[in-house]
Amino acid sequence: MENSNNHLDVEKKSERSETVDLNDNTLQVDISDALSEREKVKFTVHTKTTLKDFAKQDFSVVRQHEEFIWLHDRFEENESYAGYIIPPPPPRPDFDSSREKLQKLGEGEGSMTAEEFKKMKQELEAEYLATFKKTVAMHEVFLCRLANHPIFRADTNFRVFLEYEQDLSVRGKNKKEKLETFLRSFSKTTDEILLGSTQKDVDEFFDKEKSFLLDYHSLLKDATVRADKMTKTHKDVADHYIKISSCLLEMATADTNQLERFATKTADIFEKARKIENRVSTDEDLKLSDTLRYYMRDTTAAKNLLYRRLRCLADYEGANRALEKARAKNKDVHAALEVADAEWSQHQACEKFEQMSAKGKEELIDFKVRRVAAIKKNLVELCELELKHANTHSQLLKASIVALREEL
């Protein structure tokens with residue numbers, strides 16, 4: 001970790017993210033390997049397929065985070081996918097916090113014992129590795145969502161991403177492009193607020209979905225913040241156990257006659273309790289915080305679908321008004337041509353809106369089924385893990401009481 005270069009052979013373990021359940025084996029995508037360098041992470045994307053669109057049945061390519069964002073943007077900007085929920089892009093790899101903590105630990109090495117420094121360093125390295133594994137998992141989930149979708153899997157850009165062996169030559173956005181992205185986002189948000197307050201939806205299903213997703217996203221956001229605080233508290237408890245254990249060992253060294261064995265055993269108890277607290281923190285982060293955070297982002301993607309549909313509805317109603325205006329004019333040759341153009345535009349807008357509504361309804365129903373199943377599954381697994389850790393903690397305390405009473 002000191003060299004900021006880590007390598008991870010990604011195995012299919014039970015702790016891997018299972019947000020996506022692939023039942024179709026015709027196109028299977030996973031990240032089989034990943035290499036972390038100081039400024040970037042290289043993901044080895046492995047594909048197995050029986051689809052004839054691909055040149056090979058089993059192949060791998062190396063991709064970076066910017067290329068995942070490029071792929072997401074291609075879907076987001078494609079008008080053909082306006083009626084679908086675009087899977088949220090994976091979050092940018094961020095190891096700065098872990099590196100900063102390790103740097104501070106190195107600077108404060110002289111103020112702690114060698115044993116305490118060793119344990120704290122192990123904790124930070126484990127935290128870095130856990131963050132790295134989660135980063136890999138979230139990038140894999142994004143690809144699996146695309147591969148499992150009957151429409152997205154056939155996208156040309158997706159095939160290029162999976163199959164093209166060379167670098168896609170995708171770079172990060174410069175300051176000008178970032179500013180343009182911000183301005184577009186601001187404009188979209190303004191338009192969304194304006195539409196939400198002035199455009200009445202003609203379909204009760206979508207109107208209810210809009211109200212639900214707005215409230216649900218707010219609840220998910222609040223729950224995610226609180227879950228993060230809970231996992232951090234468990235992590236802080238584990239870190240304090242290290243310091244208590246270290247102090248007890250120093251006491252044992254200083255008072256060799258009366259407290260040496262007793263303090264040493266107590267320090268060992270705190271060390272074992274620390275490991276339990278760390279496992280609790282890790283499991284709660286994986287099964288609760290990450291699940292809430294993912295579906296908060298996925299709910300945003302669903303809200304974006306509703307916005308695109310509402311914008312399409314506004315355009316359709318605008319086309320209707322334009323047609324009425326054209327028909328109201330005098331029936332001369334120019335007016336007839338204008339009416340024909342307005343009728344064609346109105347027909348196109350109507351067709352687009354109806355198609356988007358039909359696809360959007362299917363997507364939102366599927367989103368609900370998928371979301372409920374994944375959240376139930378992860379919460380059940382969290383409860384099982386909490387019970388397992390509670391039993392382990394209980395057994396530790398019982399054994400500790402027996403061990404300490406022997407020293408009385």
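Mentor: Aspartate 298 and arginine 145 form a salt bridge, with the closest N and O atoms 3.2 Å apart. The model is a predicted one. Aspartate 298 belongs to helix H7 and arginine 145 to helix H3, so this pair ties together parts 153 residues apart in sequence. Both aspartate 298 and arginine 145 are buried.

Salt bridges with shared partners also build a network. Its members are Lys134, Asp228, Asp285, Asp290 and Arg293. Take lysine 134. Lysine 134 bridges to aspartate 285, and the closest N and O atoms there are 2.6 Å apart. Aspartate 285 sits in helix H7 (residues 260-328) and lysine 134 in helix H3 (residues 114-148), a separation of 151 residues. Aspartate 285 is buried, at 18% relative accessible area. Lysine 134 is partly exposed, at 23%.

Aspartate 290 is buried, with a relative accessible area of 14%. Across the whole structure, the search finds 24 salt bridges.

Now the nonpolar side. The largest nonpolar core has 28 residues, and Leu71, Leu143 and Phe158 touch the most other members. Strands E2 (27-36), E3 (41-49) and E4 (58-64) each give two or more residues to this core, as do H1, H3 and H4. H3 gives the most, with six residues. Phenylalanine 158 shows the packing in detail. Leaving out residues up to four places away in sequence, phenylalanine 158 touches Leu27, Leu71, Phe75, Leu143, Leu146, Ala147, Phe152 and Arg153. There is a second, separate core of 22 residues, which includes Phe206, Leu292, Ala302 and Leu306.

Next, the rings. The count of aromatic pairs is 13. Phenylalanine 68 and phenylalanine 161 make an edge-to-face pair, 5.1 Å centre to centre and with 75° between the planes. Phenylalanine 68 is in helix H1 (residues 65-77) and phenylalanine 161 in helix H4 (residues 156-163), so the pair ties together parts 93 residues apart in sequence. Phenylalanine 68 is buried, at 0% relative accessible area. Phenylalanine 161 is buried too, also at 0%. Tyrosine 294 and tyrosine 295 form another edge-to-face pair, at 5.2 Å centre to centre and 85° between the planes. Both of these tyrosines are buried. Ring pairs also link Phe75, Tyr81, Tyr84 and Phe152 into a cluster. Phe75 and Phe152 are among the residues that phenylalanine 158 touches.

Charges meet rings as well. The charged end of arginine 309 sits over the ring of phenylalanine 206, 3.8 Å from the ring centre. Phenylalanine 206 is one of the residues in the second core. Lysine 361 lies over the face of phenylalanine 205, 5.1 Å from the centre of that ring.

Back to H3, then. Arginine 145 and lysine 134 both lie in this helix.

Methods:
Residues numbered from 1 in each chain as written. Predicted model: local features only at pLDDT ≥ 70, side-chain atom pairs only at ≥ 80, totals over all residues. Heavy atoms only, no water. Phe/Tyr/Trp six-rings, centres within 6.5 Å; stacked < 30°, edge-to-face > 60°. Helix = DSSP H or I, 4+ residues; strand = E, 2+ residues; numbered from the N terminus. Buried < 20%, exposed > 50% of the residue type's maximum accessible area, 1.4 Å probe, protein only. Lys NZ or Arg CZ within 6 Å of the ring centre and 35° of its normal. Salt bridge = Lys/Arg side-chain N within 4 Å of Asp/Glu carboxyl O. Core = buried A, V, L, I, M, F, W, Y, C linked by side-chain atoms within 4.5 Å. Contact = heavy atoms within 4.5 Å.
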